[in-house]
Amino acid sequence: MVLKLYGFPSSTAVKIAAIVLHEKKIPFEFVTVNLLTGENKKEDYTEKQPYGQVPCIDDNGFLLYESRAIARYLVDTYPEHGPQLIPTDSKKRAIFEQAVSSEAFNFSRYASPLNFELVIKKLIGGQPDSALVEDLTKTLSAKLDVYEKILSGQKYLAGDEITLADLFHIPNADLLIKGGLPLIQDRPNVARWYNDISSRESWQKIKDGVSASL
């Protein structure tokens, strides 16, 4: 049975799971869950994902949701496929975990609501909250100043090898750029890092929307 990825094609969380599937070259079937029609709240889907969110995978009967949990599962379950993406050395693993935490709490915590204000609201006919945008931009800018320092001394966030910590950033960073914020491009080391990770084949395959398996 081929692994199934359930999700909405443009969802940043779904793209995180899809990036890892492509990095690891794991065959999968993409099953669209239409958020615009409320398909994610119907019982046949909430039986798989009780919160009615995307993504969710079905790997031969094993159901799992939350994009970052899915990513870790794929790396652990398919070690023979593609790059490892999670270090095995204890100290390198600790640095990796540090970088993953930074992505969640120093980047996505601010980038996600910024993208909602600047990109998603416009798509659904709303207007951004200018005060909130200003506050989030100021905070994220300070966080990315720290990224600039970190990346001045190493190629990737957890060292000189790419890991999940880097890949997790791509979908939200892409939307920041589309939203017109130069927070990535204005920092030379951050820009170099982002240009590197976003040029990978895994992202190029799904950047415009997840639609097909390998």
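Q: Buried means under 20% relative accessible area, exposed means over 50%, and partly exposed lies in between (1.4 Å probe, protein chains only). Is Glu-23 buried or exposed?
A: This is a predicted model, where local features need pLDDT of at least 70, side-chain atom pairs count only at pLDDT 80 or more, and totals for chains, interfaces and linings use all residues. Residues are numbered from 1 along each chain as its sequence is written, and side-chain values use heavy atoms, leaving out hydrogens and water. Glu-23 has a relative accessible area of 8%. That value is under the 20% cut-off, so Glu-23 is buried.

Q: Which residue forms a salt bridge with Glu-23?
A: A salt bridge needs a side-chain nitrogen of Lys or Arg within 4 Å of a carboxyl oxygen of Asp or Glu. Here the closest N and O atoms are 2.6 Å apart. The partner of Glu-23 is Arg-200.

Q: How many residues apart in sequence are the parts that Glu-23 and Arg-200 tie together?
A: Helices (H or I, at least four residues) and strands (E, at least two) are DSSP runs, numbered from the N terminus. Glu-23 belongs to helix α1 (residues 12-23). Arg-200 sits in the loop between α8 (188-198) and α9 (201-206). The pair therefore ties together parts whose separation in sequence, in residues, is 177.

Q: Which helix holds Glu-103, the salt-bridge partner of Arg-68?
A: The two side chains meet at 2.9 Å, N to O. Arg-68 is partly exposed at 28% relative accessibility, while Glu-103 is buried at 0%. Arg-68 lies in helix α3 (residues 67-77), so the pair ties together parts 35 residues apart in sequence. Glu-103 lies in helix α4.

Q: In which helix do Lys-205 and Glu-201 both lie?
A: Their side chains meet in a salt bridge at 3.6 Å, N to O. Lys-205 is partly exposed at 47% relative accessibility, and Glu-201 is partly exposed at 49%. They are 4 residues apart, about one turn of the helix. Both lie in helix α9.

Q: How many salt bridges does a search of the whole structure find?
A: Some salt bridges share partners, joining Arg-72, Arg-93 and Glu-97 into one network. The search covers the whole structure. The total is 8.

Q: Which element gives the largest share of the lining of the largest pocket?
A: On a 1 Å grid over the protein atoms alone, a pocket is an open set of points where a 1.4 Å probe fits, with protein on both sides within 12 Å along at least five of seven lines; lining residues have an atom within 4 Å of a point. The largest pocket is lined by 35 residues, with Ser-10, Ser-11, Thr-12, Ala-13 and Ile-120 nearest its centre. Elements giving two or more residues are α1, α3, α4 and α7 (170-178). The largest share, 7 residues, comes from α4.

Q: Where does Thr-163 lie?
A: Thr-163 is among the five closest to the centre of the second largest pocket, with Pro-87, Lys-92, Ala-158 and Glu-161. At 4% relative accessibility, Thr-163 is buried. Contact means heavy atoms within 4.5 Å, and Thr-163 touches Leu-85, Pro-87, Phe-96 and Ala-158, not counting residues up to four places away in sequence. Thr-163 lies in the loop between α5 (130-150) and α6 (164-167).
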